[in-house]
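Subject: Structure handover

Hello,

Here is the structure for you to look over. My notes follow below it.

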Amino acid sequence: MKFLFASDSFKGTLTSDQTIELLTKAAEEVFGSCETSGVPVADGGEGTTDAVVKARSGEIITVPVHGPLMEMEQGFYGRLSDTEAILEMAAASGLPMVPEEKRNPLNTTTYGTGELLKAALDAGYTEIAIAIGGSATNDGGMGFASALGIRFLDQEGNVLEGRGENLEKVAHIDMSGLDPAVQKAHFTVMCDVTNPLCGPNGATYTFGKQKGGTPEILDRLEKGMQNYRDVIIREFGINPDEIQGSGAAGGLGAALKVFLHAEMKSGIETVLDLIDFDARLEGVDLVVTGEGRTDWQSCFGKVMQGVGDRSAKHQVPVAALCGGLGPDYEKIYAHGIRSIMTTVDGPMPLKEALDNASELYYKGAIRMFRFLQTGMQMNRH
């Protein structure tokens with residue numbers, strides 16, 4: 001038997017790497033001699049850089065950056081080869097970086113994400129993947145663009161710093177200072193959000209509340225975003241509302257498309273390409289994947305859907321070991337997942353399941369492999 005282990009992390013308990021260790025141990029206990037390999041996987045959100053760097057035997061490069069409130073933080077990006085780098089906005093402009101009592105999207109900026117990208121460009125990387133999940137921001141990507149040399153000016157010609165509250169003041173966008181290295185690079189943006197920049201399904205009204213926006217703040221930000229959009233239409237002849245995903249990460253999607261001509265791709269698809277997942281399926285009998293909780297959302301750009309679809313193309317069956325199941329979890333069966341087992345082995349409070357995640361996962365893996373072994377023995381008869 002040849003197994004490939006490719007599971008998402010279990011938020012707050014098990015890393016993708018730890019699931020590989022536990023599955024390897026369980027497979028060897030049940031089957032004795034079997035061939036196993038594992039690859040860390042993520043879907044383009046927080047943890048993507050780490051997963052891809054590990055899978056590619058790359059290197060994490062730390063960079064001092066400004067956080068969402070312009071405080072100094074230690075950010076990082078990943079070196080994958082002499083030309084390829086990967087970074088995630090969660091490392092510089094992520095929501096967990098802002099204490100709950102200070103969350104207000106009028107005050108936050110993507111400036112640090114721009115600094116991360118500038119550091120990668122300065123180091124000479126020309127193929128750069130950017131994961132934009134988990135932002136604390138709603139600045140239309142102004143802060144990000146400012147760090148790369150673009151200037152946003154008000155009616156009087158004053159330079160705006162690029163926080164959410166500045167959107168309503170933008171009157172002109174000066175591209176003359178844009179870092180020339182941008183022209184020589186290709187940017188792939190990992191994004192599973194299709195929201196436009198403005199409107200009821202836009203950046204502000206869809207995601208602003210979770211970033212600390214009250215109804216009054218959101219109304220002000222939306223007016224500002226409409227002003228920003230109108231300036232872009234006037235000066236670039238591009239309407240961000242017609243670009244799928246322009247509302248991602250508080251409008252960073254719009255800045256990446258309009259100013260950097262970036263290519264938007266599904267997060268999980270990009271990760272699977274970067275880690276050369278298809279080649280890893282060679283000669284594999286079974287893939288084991290999983291995540292903390294499987295429900296209807298798992299079919300929309302999550303790890304299990306991506307791994308299942310890719311494996312199905314190569315006729316490799318996939319089993320899943322998950323923490324728990326939610327509404328419409330069975331929809332994942334349409335994506336190459338043949339069976340699902342849960343790690344919990346009885347009714348228990350969530351805290352107990354989280355506290356004992358490692359032991360429950362290992363026992364669940366033993367059950368899954370024994371079940372598989374039973375099926376194989378039946379086949380022989």
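One definition first: buried means under 20% relative accessible area, exposed means over 50%, and partly exposed lies in between, using a 1.4 Å probe and protein chains only. This is a predicted model, so local features need pLDDT of at least 70 and side-chain atom pairs count only at pLDDT 80 or more, while totals for chains, interfaces and linings use all residues. Residues are numbered from 1 along each chain as its sequence is written, and side-chain values use heavy atoms, with hydrogens and water left out.

**Salt bridges**

R310 counts as buried, at 8% relative accessibility. R310 also carries charge pairings. A salt bridge here is a side-chain nitrogen of Lys or Arg within 4 Å of a carboxyl oxygen of Asp or Glu. The whole structure has 20 of them.

R310 pairs with E269, and their closest N and O atoms are 2.8 Å apart. That pair links distant parts of the chain: R310 sits in helix α11 (residues 303-313) and E269 in helix α9 (residues 267-274), 41 residues apart. Helices (H or I, at least four residues) and strands (E, at least two) are DSSP runs, numbered from the N terminus. E269 is partly exposed, at 24% relative accessible area.

R310 forms a salt bridge with D278 as well, with closest N and O atoms 2.6 Å apart. D278 lies in helix α10 (residues 277-280) and R310 in α11, so this pair ties together parts 32 residues apart in sequence. D278 is partly exposed, at 28% relative accessibility. Shared partners join K265, E269, D273, D278 and R310 into one salt-bridge network.

Elsewhere, D17 and K54 meet through their side chains in a salt bridge (3.3 Å, N to O). D17 is in helix α1 (residues 16-31) and K54 in helix α2 (residues 48-55), 37 residues apart. D17 is partly exposed, with a relative accessible area of 25%.

**Helix α9**

How many residues of α9 are buried? The count is 6 of its 8, so the helix is mostly covered. They are G267, I268, T270, V271, L272 and L274. At the start of α9, a side-chain oxygen of S266 comes within 3.5 Å of the backbone nitrogen of I268. Just after the helix, D276 takes a positive phi of about 55 degrees.

**D139**

D139 is in the loop between β6 (127-131) and α5 (142-147). D139 is buried yet has no salt bridge. The nearest side chain of opposite charge is K211, 8.3 Å away. For charge, Lys and Arg count as positive and Asp and Glu as negative; His and the chain ends are not counted.

What does the side chain of D139 make a polar contact with? The partner is the side chain of T110, at 2.8 Å. A polar contact is a pair of N or O atoms within 3.5 Å; within protein, one must be able to donate a hydrogen and the other to accept it, and residues adjacent in sequence count only if both atoms are side-chain atoms. Leaving out residues up to four places away in sequence, D139 touches several residues, including T108, F144, R163 and L167. Contact means heavy atoms within 4.5 Å.

**V98**

V98 is in the loop between α3 (90-93) and α4 (111-122). V98 is buried, with a relative accessible area of 1%. Not counting residues up to four places away in sequence, V98 touches P68, L69, R103, T108 and A136.

**Nonpolar cores**

A nonpolar core is a set of buried Ala, Val, Leu, Ile, Met, Phe, Trp, Tyr and Cys residues joined through side-chain atoms within 4.5 Å. The largest has 53 residues, of which L117, I128, I132, F152, F187, Y228 and F259 touch the most other members. Helix α8 (residues 252-260) gives the largest share, 7 residues. A second, separate core of 32 residues includes A55, M190, A320 and I337.

**Hairpin**

Strands β3 (residues 59-66) and β4 (residues 72-79) run antiparallel, joined by 8 bridges. Two strands pair if DSSP finds at least two bridges between them. V63 has G75 in β4 as its bridge partner. The hairpin has 5 residues between the strands, and M70 takes a positive phi near 65 degrees.

Best wishes
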